[in-house]
Amino acid sequence: MHTMKYGRRLAAAALALSAMSTLAACGSEDSGKDSAADAADAAPAFKEGAKLSEAEATDVFEKAAESMSTAHVAISLDAVEEGEAVAGKGEGDFQLDPLAFSVKGEVTDSSGANAVEFVTIEDEVYANMDGEWVKGGFVALMAVMMPPPNLFLDSVTGAIADGSTTYVGQESVSGVDTAHYTFAAGETDFGAEGSHVDVNIDAENQLIRLGMDGGDAGTVAFDFSAHGEPVTIEKPAGDVTDMSDMDMG
């Protein structure tokens, strides 16, 4: 069954991505600052280079997570699996409560470009492979390639401690003035201990960019827009194959 072979290959790629040791925000050509007035709106009370306490950093990232009621999300990733490059990109919509995330894109490896589509509805994850919707089995593992951003943020911030987060300064991302923070993540579902994470937050405490840099292992980045706009995310219509009992061997 072609779908099973395809699923195994993508699941292997997902393993490589989930084992990455670091993730950093993808660079933007627009890295300058906006006007002083606009910068003042988004700038926090911290001085550039300041080390945040655990309580301060937790407050910053919790507010950013809570502000993300809905958003449009663009994801880019690069990883290395046993010396082979794996790249991916996708776009979709996110809803915080109840949790829903829909993303479509492609993953490219030595076999070529493969279309991917994932839908998460609360604790159920679906994948569209070659036009066939499946769930269970390796599907949740595959979705690690393009996970719901709130789960990613919650996971990588788990090891924040006093002095582990730095306020880098103000930075323009896609024309939006943001406060740029960086910290080392602990061992998580999405990266190993010591992973380097960058977060950009605007004046309304909304996430604009979130990423992790794993060096030779690869990078993952999320870019956010259209905060608070209505989204419609539904579970796939029609037949869905349950792969829970599929042998991955």
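**Figure 1. Overall view of the predicted protein model.** The protein exposes about 11400 Å² of surface, of which carbon and sulfur atoms supply 47%. The model shown is predicted. Five helices and 14 strands make up its helix and strand elements. Of the 249 residues of the protein, 47% count as buried. Among contacts between residues at least 6 apart in sequence, 63% join residues at least 24 apart.

**Figure 2. Close-up of the largest nonpolar core.** This core holds 47 residues. Phe 61, Phe 118 and Met 146 are the residues that touch the most other members. Leaving aside residues up to four places away in sequence, Met 146 touches Ile 75, Leu 77, Lys 89, Gly 90, Phe 101, Val 103, Glu 106, Val 107, Val 116 and Phe 118. Another core, of six residues, lies apart from the largest one; among its members are Val 119, Tyr 126, Trp 133 and Ile 233.

**Figure 3. Close-up of the largest pocket.** The space in this pocket amounts to about 260 Å³. The lining comprises 13 residues, and those closest to the pocket centre are Phe 61, Glu 62, Ala 65, Asp 154 and Thr 157. Two elements, helix H3 (54-66) and helix H5 (149-156), each give two or more residues to the lining. Helix H3 provides the largest share, six residues. Sorted by class, the lining has six nonpolar, four polar and three charged residues. Phe 61, named here among the residues closest to the pocket centre, is also one of the residues that touch the most other members of the largest nonpolar core.

**Figure 4. Close-up of the cis peptide bond between Asp 97 and Pro 98.** The omega angle of this bond is about -5 degrees. Pro 98 is found in the loop between strand E4 (84-95) and strand E5 (100-109).

Figure 5. Ser 174 has its place in the loop between strand E9 (165-173) and strand E10 (176-185). With a relative accessible area of 59%, Ser 174 is exposed.

Figure 6. The loop between strand E13 (218-225) and strand E14 (240-242) contains Ala 226. Is this residue, Ala 226, buried, partly exposed or exposed? Ala 226 is partly exposed, because its relative accessible area is 31%.

Technical notes: Residues are numbered from 1 along each chain as its sequence is written. This is a predicted model: local features need pLDDT of at least 70, side-chain atom pairs count only at pLDDT 80 or more; totals for chains, interfaces and linings use all residues. Side-chain values use heavy atoms; hydrogens and water are left out. A nonpolar core is a set of buried Ala, Val, Leu, Ile, Met, Phe, Trp, Tyr and Cys residues joined through side-chain atoms within 4.5 Å. Buried means under 20% relative accessible area, exposed over 50%, partly exposed in between (1.4 Å probe, protein chains only). Contact means heavy atoms within 4.5 Å. Helices (H or I, at least four residues) and strands (E, at least two) are DSSP runs, numbered from the N terminus. Accessible areas come from the Shrake-Rupley method with a 1.4 Å probe; for residues, only the protein chains shown count as cover. On a 1 Å grid over the protein atoms alone, a cavity is a set of points where a 1.4 Å probe fits but cannot get out, and a pocket is an open set with protein on both sides within 12 Å along at least five of seven lines; lining residues have an atom within 4 Å of a point. Grid points are joined across faces, edges and corners, and a volume is the space filled by probe spheres set on the points. Ala, Val, Leu, Ile, Met, Phe, Trp, Tyr, Cys and Pro count as nonpolar, Asp, Glu, Lys and Arg as charged, and the others, Gly among them, as polar.
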